[in-house]
Amino acid sequence: MGKVDYFHVVFQDGKTTFFPGEVLNGTVNLKVNSELKLRGIRIEFHGVANVFLSAGDQRRKKPANSEVYIDLVATLYGKVPDQAGENPVLAPGEYSFPFQFHTPGQNLPTSVEGKYGHVRYWLKASIDRPWRFDITSKSVFTIIEYVDINRDPELLRPCQVEKEEQYGFACFSGPLSVTVQTDRKGFCPGESIAVSAFINNQSSCKVNGVEITLVQISVYTIKAGKRNKRFLEDVATVKRDEIRGSGDHHMEMVPFPIPSLPPTMISCSCIKITYELKFTVYVSGFSAKDLILTIPITIGSVPYQPPHQPSAVQPSAPPLTPPPGYSEDFQPYPGAVLPSYAECVYGGAAIGDENDAGEMSSGSTFTPMYPFVSHYQFPSSASQDTAAALEPQPSNSSKPPLPS
């Protein structure tokens with residue numbers, strides 16, 4: 001870049017993951033090898049959701065729908081835009097310009113890089129030079145929507161679904177009935193879903209195994225809600241091929257690990273993200289078709305906190321900082337170890353656009369980071385039985401408990 005050896009944004013303590021309401025601190029670092037005339041050095045703070053008509057590289061595409069969350073600019077050195085007077089000159093040397101931004105306190109949507117759109121937050125520093133192109137540097141960071149599964153009792157209860165299918169002629173063949181249960185409906189990445197199932201096969205068909213799949217459902221809204229794109233993606237799968245044949249099959253407390261994923265997102269008007277657990281029973285025989293059951297799953301950004309929390313232990317990673325809104329004398333999770341972070345299971349995405357001429361960014365891709373429980377203690381059957389016995393059930397529930 002001629003007179004500029006480097007120009008980049010540095011986050012304080014390397015922290016690049018934030019909850020809404022947190023303070024974002026850092027510096028813009030610059031090294032000049034000869035006198036540099038400029039109008040000013042500025043930093044912009046952006047947050048936006050964009051939806052596109054087609055998949056693929058989004059860097060040169062025009063959004064079909066957008067929602068702006070943050071659009072701020074500050075001058076760190078020199079003149080503000082349109083200010084009169086002499087332009088300052090920087091002598092050769094190294095410079096560091098500190099900055100601070102307060103992220104908005106409302107529950108912002110989570111950073112997401114999706115197939116047909118994204119929710120993205122970034123800082124962009126620029127050197128405004130008279131009669132020349134600006135030099136810019138972009139740094140993208142992660143915002144995490146605050147989704148606390150512990151605040152909704154319904155998400156902490158076991159969930160049970162049932163389905164029955166008749167194969168062949170009813171007078172010669174009985175039904176195939178399946179009951180599936182999860183230990184709860186709300187989880188944080190890094191935790192595991194405990195999946196149990198009871199298969200009662202009285203039909204003339206045979207079971208050829210079962211498959212458990214976590215499905216992410218993304219809905220992209222185009223043109224102010226007049227048109228939607230719905231995209232389903234299988235996130236992870238667990239197969240149990242040993243469940244075969246006729247008769248009864250009992251599958252108890254199979255762990256289903258949840259990878260690093262964005263939490264369930266409903267606060268964005270452009271992109272909604274939900275999850276479901278799909279349980280597939282593979283069937284072969286006359287007029288057979290696979291039997292599928294689904295359970296809605298909420299992915300949170302705050303991990304499950306048991307009713308009787310054990311004594312505190314030291315975390316193995318820097319603790320997650322809860323967002324504001326709690327008084328200093330109120331601790332929502334006393335003694336709890338909050339998770340560290342892990343890169344999204346889907347990997348990174350290109351972050352450049354047509355406004356990045358003269359960019360000196362350290363990288364051209366970005367991978368969001370999400371809360372991740374590193375050492376989850378999977379519940380035992382005994383602890384689940386105790387929890388189920390203590391858990392109040394809805395008065396209108398008529399379903400029997402899963403057979404043991």
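Predicted model: local features only at pLDDT ≥ 70, side-chain atom pairs only at ≥ 80, totals over all residues.
Y116 belongs to the loop between β9 (112-113) and β10 (117-128), whereas F231 is in strand β17 (residues 227-245), so the pair ties together parts that are 115 residues apart in sequence.

Y116 is buried, because its relative accessible area is 17%. The charged end of K115 sits over the ring of Y116, 6.0 Å from the ring centre.

The structure holds 13 aromatic pairs. One of them joins F19 and Y146 edge-to-face, at 5.5 Å centre to centre and with 85° between the planes. This pair ties together parts that are 127 residues apart in sequence, because F19 lies in the loop between β2 (17-18) and β3 (23-32) and Y146 in the loop between β11 (135-143) and β12 (159-166). F19 and Y146 are both buried.

A cluster linked by ring pairs comprises F11, F18, F45, Y69, F99, F101, Y121 and F141. Over the face of F18 lies K15, at 4.9 Å from the ring centre.

## Overall architecture

Of its 404 residues, 47% count as buried. Contacts between residues at least 6 apart in sequence join residues at least 24 apart in 74% of cases. The exposed surface comes to about 19900 Å², of which carbon and sulfur atoms supply 51%.

Definitions and conventions:
Residues numbered from 1 in each chain as written. Heavy atoms only, no water. Buried < 20%, exposed > 50% of the residue type's maximum accessible area, 1.4 Å probe, protein only. Contact = heavy atoms within 4.5 Å. Areas by Shrake-Rupley, 256 points an atom, 1.4 Å probe, with all protein chains shown as cover. Phe/Tyr/Trp six-rings, centres within 6.5 Å; stacked < 30°, edge-to-face > 60°. Helix = DSSP H or I, 4+ residues; strand = E, 2+ residues; numbered from the N terminus. Lys NZ or Arg CZ within 6 Å of the ring centre and 35° of its normal.
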